[in-house]
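Welcome to this short tour. Keep your viewer open and select each stop as we reach it.

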Amino acid sequence: MRFVTEQLANFVGNVAYEHLSDRVVEKTERAILDTLAALIGGVPTDNATLSRFAAKACFGSGGAHAWFAEAGLHPLGALFANCAAASSLDVDDGHCLAAGHPGAAIVPAVLMEAAKLGSDGHAVLTATAIGYDVALRIAAARRFSDTMSFASGQWTGFGVAAAIGWLRKMPTDQLAHALAIAGAEAPQNLPQGDCQASSVKGSSPWSTVAALFAVERASHGMSGSIDMLDRAHAYNFGAITADLGTRWLISETYLKPYASCRYTHPVIDAVLALVAERGKDEPIGRIAVDIFPEARKLPNENAPKSLEGGQFSVPFAAALAALRGAEAFRPLRPFSLSDPQVVELAQRVEVRYPDEFAGMFPQCTPARVTMIVGGYERTADVPRPLGDANNPMDQSAVEEKLLDLGRDILSRAELGKLIQSVALLKMGEIAPLLGCLTARPVAISAAS
């Protein structure tokens with residue numbers, strides 16, 4: 001009986017583009033476009049800007065790009081910077097059962113490796129689908145009672161190693177060890193404190209860099225603990241390999257229409273529904289939010305002082321949506337944090353955790369919002385927010401998301417070329433996309 005890492009490596013080594021169904025190709029193309037939307041929107045943030053500074057200081061200069069921002073970085077520094085930008089706004093994709101975000105790590109790694117190797121568009125799509133599948137299978141099979149943190153960086157490296165190993169046509173025995181090393185040396189990201197949000201987020205940038213090192217070390221003969229996934233107390237290891245090649249988990253991912261924590265999305269959807277017919281002068285009284293108990297882990301600051309604080313606050317998200325609408329999250333901007341009307345309303349948001357929502361996470365993320373609008377009480381239930389795998393965003397919605405998030409970075413015409421270049425991947429073409437990513441760097445300053 002082979003170990004799970006060996007079974008995964010054998011699967012990866014035998015995948016070809018022709019094995020992907022039209023649906024999987026479509027979902028993979030959309031995942032790449034969505035991740036690039038998150039990345040371009042994240043470029044001006046303090047998180048991404050400071051990550052570029054640190055990457056250049058630590059890794060030095062070179063011939064690689066921090067996309068849409070800066071050339072002349074060492075390839076590892078550029079990889080770190082691109083992953084950081086993709087996760088900075090917390091608008092990157094995710095998977096409910098995995099309880100985390102694959103795209104911000106896997107998509108930059110695949111595109112940078114494909115550019116280095118001269119791979120074609122079909123290889124990009126295949127490697128991306130493989131990376132998502134391996135990472136999400138492992139993450140979704142975790143025994144959550146044994147999990148200290150839901151940080152995505154703990155498992156995204158498995159997918160990065162699988163994708164890069166496939167692109168390099170790595171022997172399966174080496175790939176099994178690469179997966180094991182990537183998992184063993186991923187950032188563990190201990191739980192954060194209870195009251196403060198952090199720029200660290202899920203540690204996907206370090207997970208991706210560690211995975212690249214894992215592939216390199218395994219290719220030179222270094223070994224990993226290839227039985228690491230065969231631990232019954234930590235993983236439902238049978239689920240990791242179930243239906244390999246027939247069930248592709250990239251088809252089950254969710255996309256995010258708003259630049260905030262996924263926990264806030266059903267709240268935003270409910271609030272937007274409740275204020276849709278609100279008159280301009282109709283006052284908003286109290287807001288009561290019923291949500292699943294895992295949302296207690298969010299800092300939930302009423303008056304957040306950072307973008308991260310705003311992204312991870314149910315009261316703030318509810319107030320901002322009520323007063324400023326969906327556009328205030330495309331992207332979330334620092335000036336919203338000091339909006340006096342929003343901050344005042346956030347103080348009047350009550351967050352409750354009823355027993356009826358217990359046990360639903362991570363399979364679903366429901367919320368119920370009750371508001372007093374114009375003196376009348378109104379209630380909206382959202383069992384699955386917009387973007388959920390069972391309530392998906394279509395292609396046009398993802399394109400609009402990219403246009404919104406990238407409007408301060410590139411012209412609308414340039415953003416249109418970027419959208420078209422992703423569509424060309426299924427034709428086998430990659431040069432147009434690489435040209436869009438590494439075009440003339442623009443002057444970037446922190447968004448205000």
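Start by selecting helix H6 (residues 121–140) together with helix H7 (residues 156–167): in this predicted model, the two pack at an angle of about 150°, with their axes 7 Å apart. Helices here are DSSP runs of H or I with at least four residues, strands are runs of E with at least two, and both are numbered from the N terminus. Each axis is a line fitted to C-alpha atoms, for helices over the stretch in contact, and angles run from 0 to 180 degrees between N-to-C directions. H6 and H7 are therefore roughly antiparallel to each other, the word used for angles over 145 degrees. Now show the side of H6 that touches H7: Ala123, Thr126, Ala127, Ile130, Gly131, Val134, Ala135 and Ile138. On H7, the partners include Phe158, Gly159, Ala162 and Trp166, where contact means heavy atoms within 4.5 Å. How many residues of the contact of H6 with H7 are nonpolar, polar and charged? There are 11 nonpolar, four polar and no charged ones. In this scheme Ala, Val, Leu, Ile, Met, Phe, Trp, Tyr, Cys and Pro are nonpolar, Asp, Glu, Lys and Arg are charged, and the others, Gly among them, are polar.

The axes of H5 and H6 come within 10 Å and cross at roughly 145°. From H5, select Gly103, Ile106, Val107, Val110, Leu111 and Ala114, which meet Val124, Ala127, Thr128, Gly131, Tyr132 and Ala135 of H6. This contact of H5 with H6 divides into nine nonpolar, three polar and no charged residues.

Then move to helix H4 (residues 75–88), which packs against helix H5 (residues 103–117) at an angle of about 145°, with the axes 8 Å apart. Among the H4 residues that meet H5 are Pro75, Leu79 and Cys83, while H5 brings Ala104, Ala105, Pro108, Ala109 and Met112. By class, the contact of H4 with H5 has 10 nonpolar, two polar and no charged residues.

Now for the loops. Select Phe68, in the loop between strand S1 (61–66) and strand S2 (70–73). Its phi is near 65°, a positive value in a residue other than glycine. Pro331 lies in the loop between helix H13 (314–324) and helix H14 (340–346), and the peptide bond from Arg330 to Pro331 is cis, with omega near 0°. Another cis peptide bond runs from Phe361 to Pro362, with omega near 5°; look for Pro362 in the loop between strand S4 (349–352) and strand S5 (367–373).

Last stop: select Lys27, Arg30, Ala31, Ile250, Thr253, Leu255, Gly387, Ala389, Pro392 and Met393, which line the largest cavity. On a 1 Å grid over the protein atoms alone, a cavity is a set of points where a 1.4 Å probe fits but cannot get out, and lining residues have an atom within 4 Å of a point. About 90 Å³ of space lies in this largest cavity, and its lining divides into six nonpolar, two polar and two charged residues.

A note on reading the model: residues are numbered from 1 along each chain as its sequence is written, and side-chain values use heavy atoms, without hydrogens or water. Local features need pLDDT of at least 70 and side-chain atom pairs count only at pLDDT 80 or more, while totals for chains, interfaces and linings use all residues.

Notes: Parallel < 35°, antiparallel > 145°, perpendicular 65-115°, else oblique. 1 Å grid on protein atoms, 1.4 Å probe; cavity = no way out; pocket = protein on both sides within 12 Å on 5 of 7 lines; lining within 4 Å. Points joined across faces, edges and corners; volume = space filled by probe spheres on them.
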